[in-house]
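This report describes the chains, the contact between them and the surfaces around the DNA strands. The sequence and structure come before the description.

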Number of protein chains: 2
Amino acid sequence: MSDADLRQLTTLAAVADEGTFGRAAARLGYTQSTVSQQIAALEKAVGGAVFDRPGGPKPVRITPLGAVVLAHGRELLAKAQTMAAAVDRFKAGDGRVDIGTFQSVSNVILPLVVRRLRDEHPGCDIRLFEEETDQPHVDEVDLTFFDGRAEGAVEHLKLLDDPYLLVARRGTFPDGPVRLAQLDGAPIVAPPPICDQVRVEQTFARRGVRPRIVFRTTGNETVLSMVRAGLGSAVLPRLTVHGADLDSDGLLGTHELRPALPPREIFLLWQADRTHSPLVARVIEIAVDVAAAKIAEHW
Amino acid sequence: MSDADLRQLTTLAAVADEGTFGRAAARLGYTQSTVSQQIAALEKAVGGAVFDRPGGPKPVRITPLGAVVLAHGRELLAKAQTMAAAVDRFKAGDGRVDIGTFQSVSNVILPLVVRRLRDEHPGCDIRLFEEETDQPHVDEVDLTFFDGRAEGAVEHLKLLDDPYLLVARRGTFPDGPVRLAQLDGAPIVAPPPICDQVRVEQTFARRGVRPRIVFRTTGNETVLSMVRAGLGSAVLPRLTVHGADLDSDGLLGTHELRPALPPREIFLLWQADRTHSPLVARVIEIAVDVAAAKIAEHW
DNA sequence: CAACTCAATCGGGTTTAACGATGCCTATTG
DNA sequence: CAATAGGCATCGTTAAACCCGATTGAGTTG
């Protein structure tokens, strides 16, 4: 049997439902002769009659062969409709988006993004992958937040500059800006030397400032706890500080640095030449929007 | 989304498999430009790109939208193939045939028909519906064996004439033909007055012969048992007698009648204007063949 | 027999399908 | 940097398919 196309099967089903070629034509918006020709073509394709035409004003009746084709044809049409519905849902934004992230963003930016996305698309499926690495895994997710540029065929969209602040126990430094040189030899609690942290430490070194790193930990909260405990001070991006509950006991204070360190840059990355789903495109828009709002409110 | 046809989905799958439009074209027997146009048409139909074209000598990559279409499309294509296979099987004779029948035919004709049909089409499904009624239910089955003509839009195919014989205990009548008049007043065991039996009894009456019906039963074997037991004689079609184990004890003998009763006619019936499945068509051929063989061997 | 209801068919205009040739883009290579 | 090669898009053309409108033919009904 050569292939029958979906249009012919639609016509077949309409005729089976309506009983006559003419009524089927009316339902489908064709003329009777067109239906006649389509059924003829279908019969040629399957190699046998699908309807018996009794002649006269009697409705046609489906043949055994026609019944076989009709049964399968209806399934096929149903499946085609399912596909159309799936495509429409996809385009409407129902679907999945996988987002790579890291702590600061997870705490400050992402909650707002996710909130707005779920408000717009309640049916969508958002998966977050949080990893603190030097290289973003841009090929395993749709989008990745990252604090730096990446190698390879990756598109970069800069969301905001995240300036570094000095966090210290109140009293350690006088209020107001602190000169970089004052950190030379000072006890410092720091994140591990990955991502933008390496750049920070390189900047210190280049300026001849050599702080004493007394403790490293991945947990931002842990860093602050250690500062609060008096182990040392910390130089952290504002996003990181902002996300934490800094003033819970009034023990900690923040200072700007003079001269300021080059800020950490927060990017949104994705694989180049990739067509985004509408959902992913919307995530990008929202992220830009949220970042702009952050900048506008001077946090 | 407007509908995408199966040809486009086939092309989509081929491109997804092969990686480039050109190789997909080669596989499908198209040219590259045709594939390009088909994908373009598909993309117009679904309302978005299904492939990313990186440009240069790199293979295309499917988009998220394309992945949705492809996943459903493959199912659709598989289903279409299933349909094609079902149609082919149907045309090859795999399928079902429903046959109406009655005792004599069930015993003598049908076993041969069924045997040959199953030899030719081991996968086919044969369903038999045996009923002893005055009117054949020709609309509920594909074919019906029947001992007479039917009303309405029914096609008749005469298979054979089934002459009536007198069955009696040996000694009741002298060997050889028996005159009809000899049955006047004779004790007779008979089937119920349905189907051809009414015609038999009308013929007797028209000729002034009035046998004494001493027992009626639907079971042909029961009729013979009663005759064997000496309850009376019986006038039965040869098919009925032939199917039974007449000579198991040598007690029974058969006689021709003079003048002969008009024979019972065995027909194969089906609803007029109905297109037969190949299997049904074959059943008709085989039935004709078997009947002809019966006639030829003079049973 | 006339009227009616169907499906099939014919002729013609329009759209679609496929091809072949060509052009453009990108990555590779010398 | 130029040349090359591999990839897709586009254009013009031809053949086929599609759909329509009108007509014909078959079979039923009044």
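## Basis and terms

The expected span of a helix is 1.5 Å times one less than its number of residues. Helices (H or I, at least four residues) and strands (E, at least two) are DSSP runs, numbered from the N terminus.

This is a predicted model, in which local features need pLDDT of at least 70 and side-chain atom pairs count only at pLDDT 80 or more, while totals for chains, interfaces and linings use all residues. Residues are numbered from 1 along each chain as its sequence is written, and chains are lettered from A and ligands numbered from 1 in the order in which they are written.

In chain B, α4(B) has 29 residues and reaches 42 Å from its first C-alpha to its last, close to the 42 Å expected at 1.5 Å a residue. Just after α4(A), Gly93(A) takes a positive phi of about 110°.

Ala71(B) lies in helix α4 (residues 64–92) of chain B. Ala71(B) counts as exposed because it has 12 C-beta neighbours inside 10 Å. For this class, C-beta atoms are placed from the backbone, and a residue is buried if 20 or more other C-beta atoms lie within 10 Å of its own, exposed if 12 or fewer, and partly exposed in between. Ala71(B) is 58 residues from Ala13(B) in sequence, and their C-alpha atoms are 9.1 Å apart in space.

## Chain A as a whole

Chain A contains ten helices and 14 strands. Its C-alpha trace spans about 105 × 35 × 25 Å along the principal axes. The radius of gyration of chain A is 33 Å, whereas a compact globule of 299 residues would have one near 19 Å; this radius is taken over C-alpha atoms, and the globule rule is 2.2 Å times the number of residues to the power 0.38. Of the 299 residues of chain A, 36% count as buried.

## Symmetry and the chain contact

Chain A is superposed on chain B by a rotation of 180° with 0.1 Å of shift along its axis, at an RMSD of 0.2 Å. The two copies are thus related as by a two-fold rotation axis. The superposition is by least squares on the C-alpha atoms of residues with pLDDT of at least 70 in both copies.

The contact takes 32 residues from chain A and 33 residues from chain B, two residues being in contact if their C-beta atoms, placed from the backbone, lie within 7 Å. Helix α4 (residues 64–92) of chain A gives the largest share of the side of chain A that touches chain B, 17 residues. That side has 16 nonpolar, seven polar and nine charged residues. Ala, Val, Leu, Ile, Met, Phe, Trp, Tyr, Cys and Pro count as nonpolar, Asp, Glu, Lys and Arg as charged, and the others, Gly among them, as polar. Of the interface residues of chain A, 100% are also interface residues in chain B, so the copies meet through the same surface.

## Surfaces near the DNA

A residue is near a strand if its C-beta atom, placed from the backbone, lies within 6 Å of it. Of the 23 residues around DNA strand C, Thr20(A), Phe21(A), Ser33(A), Gly55(B) and Gly56(B) come nearest. The residues of this surface divide into seven nonpolar, 14 polar and two charged.

DNA strand D is surrounded by 24 residues, the closest being Ser33(A), Thr34(A), Gly55(A), Gly56(A) and Ser33(B). The largest share of this surface, six residues, comes from α3(B). Its residues are eight nonpolar, 14 polar and two charged.
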